[in-house]
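Please view the structure below before reading on.

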There are 2 protein chains.
Amino acid sequence: MGIILASKSPRRSELLTKCGFTYKIAVPEFNEDAYIRENTTQGMPVEDFPLILARGKAIAASRITELKEGDIILSADTSVILGNNIMGKPKDKDEAFNMLNSLQSNTHTVVTGVALLYLENGKPALCCDKAITRVTMQGLSKDEINEYIAKENVYDKAGAYAIQGCSDFFIEEIRGSYSNVVGLPMGLVRRLLKKINYI
Amino acid sequence: MGIILASKSPRRSELLTKCGFTYKIAVPEFNEDAYIRENTTQGMPVEDFPLILARGKAIAASRITELKEGDIILSADTSVILGNNIMGKPKDKDEAFNMLNSLQSNTHTVVTGVALLYLENGKPALCCDKAITRVTMQGLSKDEINEYIAKENVYDKAGAYAIQGCSDFFIEEIRGSYSNVVGLPMGLVRRLLKKINYI
């Protein structure tokens, strides 16, 4: 029995390890865009999407896992949101520049949905919630943005930055969970694991 | 020319390195208690102490350093404050327990004073400010506190916890700079370095 992490994110693995958890990893095939199309209605706030996706990922992971009593599938989805737009990973240098340029001197929102899927009296049960953190960036000149893009691997990061790297240098303040911005809100994970009496 | 870090904290070194700075280290002899006695008046808010201490440390470091035009001494002092009390490093297990027990289910303040000492037209000049972060902890049972004390080296940490370790697991939210809680508010360091046209 134990935690099955339905994510291939090294940052999520690292956070769980740091907090003393052992876990297996089981990453399901999962088409995020198709899942959002099928499971949302028009006008639904984008802040709700990460929770919907985390739930979907947990269910997809349960199909490739032999779940036993005491096992918990843990899945998560993190979005960087500015206004009503979700920022994905930048495809090229121009997109990375535009993302960082819109984030600088501004406050954006990072939302992570977390879902636990486990057996309760032999039947699958879900326990989910989301964490919201507001992140305010200092002003960045064009040169500073270009320098950051040249130095960091921004292409595998939603919003083109990683708070755990050197970007803390130009973050003015955050309001909420820090680990949420890294990719897995550990305070929320703790609350959910307590709720289902795992810890 | 370059940065001279007047601190032996490995966490401050690590943050500077992560943000791409090179620096030398020069740690002066400095008696914090005596300096506070001589440089504060009764009734002065304890939130002001870190800035006073950072300034004092920078001046002390300038006495052991051959400062050249373009050099900057960077010093910092971090305090964990609950109510009107500064929490130092716990002396023993009981003190660590009492500190963590007073911090749990509660919001405390972390203040870091940062001072830059440099030459302006050949004369020493100071540029200083403080960063304030509010940290809210989740509830912790006695067993959880004891487990944390057994696992972590709490005795070299003010307030008996380190946010960059596994304690993020029981932190509900922060309001302000994260690196401030680690020991050096990089957003503030950036602002001060810009103010004196170093970057």
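In this predicted model, Glu172(B) is partly exposed, with a relative accessible area of 28%. Its salt-bridge partner is Arg191(A), the closest N and O atoms being 2.9 Å apart. This pair crosses between chains, from helix 7 of chain A to strand 7 of chain B. Arg191(A) is likewise partly exposed, at a relative accessible area of 38%.

**The interface between the chains**

- Chain A contributes 30 residues to the contact, and chain B contributes 30 residues.
- The two chains bury about 2500 Å² between them, with 48% of this area on carbon and sulfur atoms.
- Six salt bridges are counted between chain A and chain B; one of them joins Lys194(A) to Glu144(B), with 2.8 Å between the closest N and O atoms.
- On the side of chain A that touches chain B, helix 5, strand 7, helix 6 and helix 7 each supply at least two residues.
- By class, that side of chain A has 12 nonpolar, eight polar and 10 charged residues.

**Strand pairing across the chains**

- Strand 7 of chain A and strand 7 of chain B run antiparallel and are joined by three bridges.
- Within this pairing, Arg175(A) has Arg175(B) as its bridge partner.

**Salt bridges within a chain**

- Over all chains, the structure holds 18 salt bridges.
- Lys130(A) and Asp48(A) form a salt bridge at 3.5 Å, N to O.
- Lys130(A) lies in strand 6 and Asp48(A) in the loop between helix 2 and helix 3, so the pair ties together parts that are 82 residues apart in sequence.
- In chain B, Glu95(B) and Lys91(B) meet in a salt bridge at 3.9 Å, N to O; Glu95(B) is partly exposed at 27%, whereas Lys91(B) is exposed at 71%.

Key:
Residues numbered from 1 in each chain as written. Chains lettered and ligands numbered in written order. Predicted model: local features only at pLDDT ≥ 70, side-chain atom pairs only at ≥ 80, totals over all residues. Heavy atoms only, no water. Contact = heavy atoms within 4.5 Å. Buried area = accessible area lost by both parts, 1.4 Å probe. Salt bridge = Lys/Arg side-chain N within 4 Å of Asp/Glu carboxyl O. Helix = DSSP H or I, 4+ residues; strand = E, 2+ residues; numbered from the N terminus. Nonpolar A, V, L, I, M, F, W, Y, C, P; charged D, E, K, R; others polar. Pairing = 2+ DSSP bridges. Buried < 20%, exposed > 50% of the residue type's maximum accessible area, 1.4 Å probe, protein only.
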